[in-house]
Structure formats: C-alpha cells, structure tokens
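The paragraphs below take them in turn.

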Amino acid sequence: MAINYEMHQHEDVARIFRALSEPSRLTLIHCLADGPHRVGELSAHLGLAQSTVSAHLALLKDAGLVAATPEGRATLYRLAHPGLDDLLHAGERLVTPEAQDASHQGHHGDTSLTPTPEAAPAGRRTLEEAALPGPAVSA
C-alpha cells in the first residue's frame, strides 16, 4: 500500500518548528505555559530588551503559537495551544533521555518571573544545537 505523503502538512509543521528553533523563544513558551504575561514581565525574566521580546512574540504569533489580548495600554500574551509546553518537554527528553517527567512536574508551580541563572544554563546542550539542519527563522 502506497502512502500519500502529500496529505501531511509538512510545510505548516516545519514553519512551527522553525519558530521554535531559537532558545529565547523556547523560554518564552515555558513562561507563557504558566499563564498570560506582558512583554515587560517576559523581558525582565529573560534579561532581553522589550523590543527583542516583542519581536520574538510577533514571530511566535505569526506561527500561530501565541495569542495576544489587549489589556488597556498593554497586551497580554498567552499560548495559543495548551499542549505546546508538552511538545517542548518531549524535545527536552530527546536531548536528555534519562530525565523523567517528574523533573518537570513542578517547574510551572512558581509563576514569578524574576530573572534566574537557570534561564540559560552554561555548558548544557540546547535544543537548537541538537536540531537537524534547516532554514532558520530569525527575529
């Protein structure tokens, strides 16, 4: 039986993975898994300029991964798909297969967005380094 690969939406899926190909955007997804946040909160947590965070959020929004809701003069950003954080955890398990799901059970428990050194661990292989070669999406 022949498989019809044209019925798969590979281009759309590739666009999503390109949007997720930058470590700062992965961190944004993890932050937004805790709930909606403003650019300023996310900027403080990532230690990036608000303009940089806004550019990352715009790219994620264009890929359909993040939704924005106006709130007064600010905008609240949230995940457009609740399972997106699970996808990132699946990627982390590919990089570190010995890590158990229990290791991420409580990581969303702390919803404070204060800058932490864990946001970018030095010397650890990132998902970007483990990714297959392909076109990159830049913000």
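The side chain of Asp85 is in polar contact with that of His30, at 2.9 Å; a polar contact is a pair of N or O atoms within 3.5 Å, where within protein one must be able to donate a hydrogen and the other to accept it, and residues adjacent in sequence count only if both atoms are side-chain atoms. The model is predicted: local features need pLDDT of at least 70 and side-chain atom pairs pLDDT 80 or more, while totals for chains, interfaces and linings use all residues. Residues are numbered from 1 along each chain as its sequence is written, and side-chain values use heavy atoms, leaving out hydrogens and water.

Asp85 is buried and has no salt bridge, with Arg93, the nearest side chain of opposite charge, 9.2 Å away. Buried means under 20% relative accessible area, exposed over 50%, and partly exposed in between, with a 1.4 Å probe and protein chains only. Lys and Arg count as positive, Asp and Glu as negative, and His and the chain ends are not counted.

Which residues form salt bridges with Arg38? A salt bridge puts a side-chain nitrogen of Lys or Arg within 4 Å of a carboxyl oxygen of Asp or Glu, and the structure holds 2. Arg38 pairs with Glu41 at 3.6 Å, N to O, and with Glu71 at 2.3 Å between the closest N and O atoms. Arg38 lies in the loop between helix H2 (23-33) and helix H3 (39-46) and Glu71 in strand E1 (residues 66-71), so this pair ties together parts 33 residues apart in sequence. Shared partners join Arg38, Glu41 and Glu71 into one network of salt bridges. Arg38 is partly exposed at 33% relative accessibility, as are Glu41 at 30% and Glu71 at 36%.

Definitions and conventions
Helices (H or I, at least four residues) and strands (E, at least two) are DSSP runs, numbered from the N terminus.
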